[in-house]
Amino acid sequence: MITALRGMKDIIDDAPKYEHILNTAIACAKRHGFSFIDTPILESTALFRRSVGESSDIVGKEMYEFIDRSAESVCLRPEGTAGVVRAFIEKKLDRSNGTYRFFYRGAMFRHERPQKGRLRQFHQIGVESFGQKSVYEDAAVILLAKDIFDALEVKYKLEINSLGCVNCMPKYKEKLSAFLDMQDDLCEDCKRRKATNPIRALDCKNSACKSVYENAPMIADFLCDECKKDFNDLQDILNQNGVLFSHNKKLVRGLDYYNKTAFEFISVEIGSQNAIGGGGRYDKLVEQLGGKPTYAVGFALGVQRIYDLVNPPQSKREGVYIGAIDDEEIAHIFSYAAALRKKVKTFIEYEPKKLAAHLKNADRLNAEICAVIGEEERANGAIWLKNLANGDESRPPLSRWLESDFN
Ligand code: AMP
């Protein structure tokens with residue numbers, strides 16, 4: 001038997017949750033003025049090397065990267081932002097100086113060690129906003145994520161931090177590097193991070209490293225005046241708009257492109273993989289990928305991470321199930337079903353069956369009406385109906401029933 005690959009899951013039993021999360025998030029994003037964008041799953045490997053960054057675990061260890069039949073190095077996208085930024089530049093939207101707000105949803109791929117809440121193929125819903133320098137936009141995307149979680153009735157904790165900018169971050173990095181140089185017992189990953197991007201060390205899950213970093217210099221103490229003001233303003237705006245948060249001074253993100261605002265939504269109700277969404281500002285990325293300098297801020301939510309936290313509304317009985325007792329009626333019910341579908345959700349069964357079997361099928365499909373034609377109905381030009389919601393049975397004339405409006 002060929003099975004799905006490790007860390008990759010079919011969406012069958014969880015389909016109602018998946019649909020509920022997607023529909024809810026999309027409705028919220030549209031209400032906030034974001035429009036749909038879809039970009040390819042397969043992109044040039046260079047795109048992620050230049051955006052997510054060589055020092056990140058994603059690029060360093062987790063990419064599904066291969067040489068295709070045209071000898072090009074390509075990669076299954078590990079995240080959504082880089083592709084949206086590439087599309088934004090390719091469509092020359094960076095030259096218009098306008099504001100563009102997009103949402104996307106789709107599969108992402110990371111070759112991680114699978115465990116509960118951590119898959120190799122998982123789905124994200126993300127938003128990217130381009131063109132706004134104002135810190136109000138950072139607050140607005142955080143409010144959008146909050147609206148989504150609130151609409152899904154998912155409880156969360158919000159952590160925020162500022163990662164500084166080109167003026168203050170390099171000075172902080174130097175301080176942090178000097179601190180890291182003095183430590184003897186860093187894990188192998190942190191030794192690598194020290195050389196590539198020292199701030200990523202603060203994200204280390206190793207307990208020995210974590211205790212070392214308790215005494216590390218923090219970016220909060222090195223922010224330039226503008227970053228400090230933006231971060232204070234962000235906190236004021238969130239406070240004024242009823243968003244609860246805490247300042248996590250060690251919050252850095254797993255991707256290198258963030259500057260200034262970084263945030264993460266965490267669930268206290270799931271296991272160790274408790275980050276349910278995260279994002280921040282990335283004002284340098286458009287330029288880094290060859291576009292005109294463009295302010296940008298966004299986030300991505302992990303769909304599978306919140307499966308256990310949502311209860312999709314109970315779907316109520318809906319539509320018509322139509323079947324026949326004997327063979328002669330199949331061609332007719334096929335035509336009736338074609339007509340019914342223009343007005344009402346319709347299920348059809350092609351195998352002639354006894355009434356009890358049809359009723360069972362209709363029940364399993366959650367249909368509201370079970371409609372069956374047998375010998376007696378054929379003789380009288382009628383149809384037998386049972387309303388599975390209230391148990392009512394009737395045998396109206398077939399033509400009248402087909403013409404009814406099914407509301
Ligand atoms: P990131 O792109 O790393 O900032 O991740 C954004 C969100 O995607 C996280 O907060 C998680 O909810 C989700 N996520 C990231 N990696 C995985 C994974 N391997 N499996 C399932 N969900 C993930």
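A polar contact, as I use it here, is a pair of N or O atoms within 3.5 Å; within protein, one must be able to donate a hydrogen and the other to accept it, and residues adjacent in sequence count only if both atoms are side-chain atoms.

**Ground rules**

I am working from a predicted model, where local features need pLDDT of at least 70, side-chain atom pairs count only at pLDDT 80 or more, and totals for chains, interfaces and linings use all residues. Residues are numbered from 1 along each chain as its sequence is written, and side-chain values use heavy atoms, with hydrogens and water left out.

**Ligand site**

The side chain of Arg 110 has an N or O atom 2.8 Å from an oxygen atom of the ligand. For Glu 112, I found a side-chain N or O atom 2.6 Å from a nitrogen atom of the ligand. Gly 302 uses its backbone: an N or O atom there lies 3.3 Å from a ligand oxygen. On its own the ligand has 490 Å² of accessible area, and the protein covers 92% of that (Shrake-Rupley method, 1.4 Å probe; for residues, only the protein chains shown count as cover).

Next I looked up which elements build the shell. Strands S6 (121-130), S10 (275-281) and S11 (296-302) each give two or more residues (strands are DSSP E runs of at least two residues, helices H or I runs of at least four, numbered from the N terminus). S10 has the largest share, 3 residues. By class I noted 6 nonpolar, 4 polar and 5 charged residues in the shell (Ala, Val, Leu, Ile, Met, Phe, Trp, Tyr, Cys and Pro count as nonpolar, Asp, Glu, Lys and Arg as charged, the others, Gly among them, as polar).

**Helix H11**

In H11 (residues 330-340) I have Ile 330, Ile 333, Tyr 336, Ala 337 and Leu 340 down as buried (under 20% relative accessible area; exposed is over 50%, partly exposed in between; 1.4 Å probe, protein chains only). Down the axis of H11 they fall within an arc of 115°, so they line one face of the helix (the arc is that of the directions from the helix axis to the C-beta atoms). Their cover includes strand S12 (320-324) and helix H14 (398-403).

Ser 56 sits in the loop between helix H2 (45-51) and helix H3 (57-62). It counts as buried because its relative accessibility is 0%. A polar atom of the Ser 56 side chain lies 3.2 Å from the backbone nitrogen of Val 59. Leaving aside neighbours within four places in sequence, Ser 56 is in contact with Arg 200, Gly 254 and Asp 256 (heavy atoms within 4.5 Å).

Gly 60 is in helix H3 and, at 47% relative accessibility, counts as partly exposed.
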